Amino acid sequence: MFIIYVVFVLMKKKYTVLIFTDLDGSLLHRDTFKFDNIVNYLKDLISKGVIIIPNSSKTEVEILEFNKELGINLPYISENGSVVNGLNEINSNLPEKIILSRDKEEILKSFKKEIPENLRNKCQMISKMSEEKQTKILGLTNNDLHNALDRKYSIPLIFNGKKEDKNNLLKILKNLNLTLQQGGRVLNLCDNVNKAKSMLKVIKIYKKIEKNVKIIAVGDNYNDLEMLRSSDIPCLVFNDQFKLDEININNCLVSKNSAPEGWSEVVKMALEKIE
Ligand SMILES: [Mg+2]
């Protein structure tokens, strides 16, 4: 009887760990976008069966470039939760693509039609700027810049207005079922999607093939907080532009280092917590 109990406990303790992670400033260095210092740790986790799913405001091509650099085809969520790609890489019964957003053109059409001109004029689209200015804002050049602007579901912009104007804009957008999401460098005009919703969608689908899961979420900025809040073990990578007292998440693990080292630091803490 005792043996059966022990076997039961051991079996019960077995879960698959899913890590949903932001990229820029969390897993990738905020300025250089490098992650060489933790690449071996990442590969080690993956070889042990941990499922890592980048969940980023980056575009599909940008995350594919990241996968190429890593040398592993990770499933991923791009453009702030707009689309999930490559779940079939984990299990062939899972879908290859789940689109959760309207197309960029449709979003823009609604934006142009419904947002008053005085507010629209305060929104400076990154795509309309000179290449020099785009580089300055996004910290990217040539092909990397081109890949970052190759968006299907979201429109990066800078808002030049008072807080009051921005609140007004947010209110109108909400009625249109649109969102304006703060990223590390720009705002993104998106459909009514976010990193948390897409994460929860993936978890729901994944649980059809495997019930015992533990969810770790890693982020460094405001647009990651809801994702962190919706996970089992929220992890924040230190970011000096982020005020820690604004987190307001129970049991959030916080790294001392910034990305990329801070990523392995919090993930190790999270995995110890699970064991
Ligand atoms: Mg980030």
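Buried means under 20% relative accessible area, exposed over 50%, and partly exposed in between, with a 1.4 Å probe and protein chains only. The structure is a predicted model, in which local features need pLDDT of at least 70 and side-chain atom pairs count only at pLDDT 80 or more, while totals for chains, interfaces and linings use all residues. Residues are numbered from 1 along each chain as its sequence is written, and side-chain values use heavy atoms, with hydrogens and water left out.

Q: Why is D220 called buried?
A: D220 has 4% relative accessibility. The limit for buried is under 20%, so D220 counts as buried.

Q: Is D24 buried, exposed or partly exposed?
A: The relative accessible area of D24 is 29%. Partly exposed is what lies between the buried and exposed limits, so D24 is partly exposed.

Q: What makes D22, D24 and D220 donors of the magnesium ion?
A: Donors are N, O and S atoms within 2.8 Å of the metal (3.2 Å for Na, K and Ca). D22 (OD), D24 (O) and D220 (OD) coordinate the magnesium ion at 2.2 Å. Water is not among the atoms, so sites may look incomplete.

Q: How are the donor residues of the magnesium ion spaced in sequence?
A: The spacing is D-x1-D-x195-D. D24 and D220 link distant parts of the chain, 196 residues apart: D24 is in the loop between strand 1 (16-21) and helix 2 (39-47), and D220 is in the loop between strand 10 (213-219) and helix 10 (225-229). Helices (H or I, at least four residues) and strands (E, at least two) are DSSP runs, numbered from the N terminus.

Q: What makes strand 10 and strand 11 a pair?
A: Two strands pair if DSSP finds at least two bridges between them. Strand 10 and strand 11 have four bridges, in the parallel sense, and V218 stands opposite C235 in strand 11. Strand 11 (residues 233-236) is joined to strand 12 by two bridges, again parallel, with L253 as the bridge partner of C235.

Q: Why are strand 2 and strand 12 at the edges of their sheet?
A: The open sheet has five strands in the order 2-1-10-11-12, with parallel pairing. Strand 2 (51-54) and strand 12 (253-254) each have a single partner strand, so one side of each is left without a neighbour in the sheet.

Q: How do you know that both faces of strand 11 are covered?
A: I233 and C235 on one side and P234 and L236 on the other are all buried. For I233, the relative accessibility is 6%. Contact means heavy atoms within 4.5 Å, and I233 touches residues including I215, L253 and A270. I233 and A270 are 37 residues apart in sequence and 6.4 Å apart in space, C-alpha to C-alpha.

Q: Why are helix 2 and helix 11 called roughly parallel?
A: Axes are lines fitted to C-alpha atoms, for helices over the stretch in contact, and angles run from 0 to 180 degrees between N-to-C directions. The axes of helix 2 and helix 11 (residues 261-274) come within 10 Å and cross at roughly 30°. Angles under 35 degrees count as roughly parallel, over 145 as roughly antiparallel, 65 to 115 as roughly perpendicular and the rest as oblique. The two helices are therefore roughly parallel. The contact is made by Y41, L42 and L45 of helix 2 and W263, S264, V267, K268 and L271 of helix 11.

Q: What makes strand 4 and strand 5 a pair, and in which sense?
A: Strand 4 (residues 83-85) and strand 5 have three bridges in the antiparallel sense, and N85 stands opposite K97 in strand 5. These strands belong to an open sheet of three strands in the order 3-4-5.

Notes. Lists of a residue's contacts leave out its neighbours within four places in sequence.
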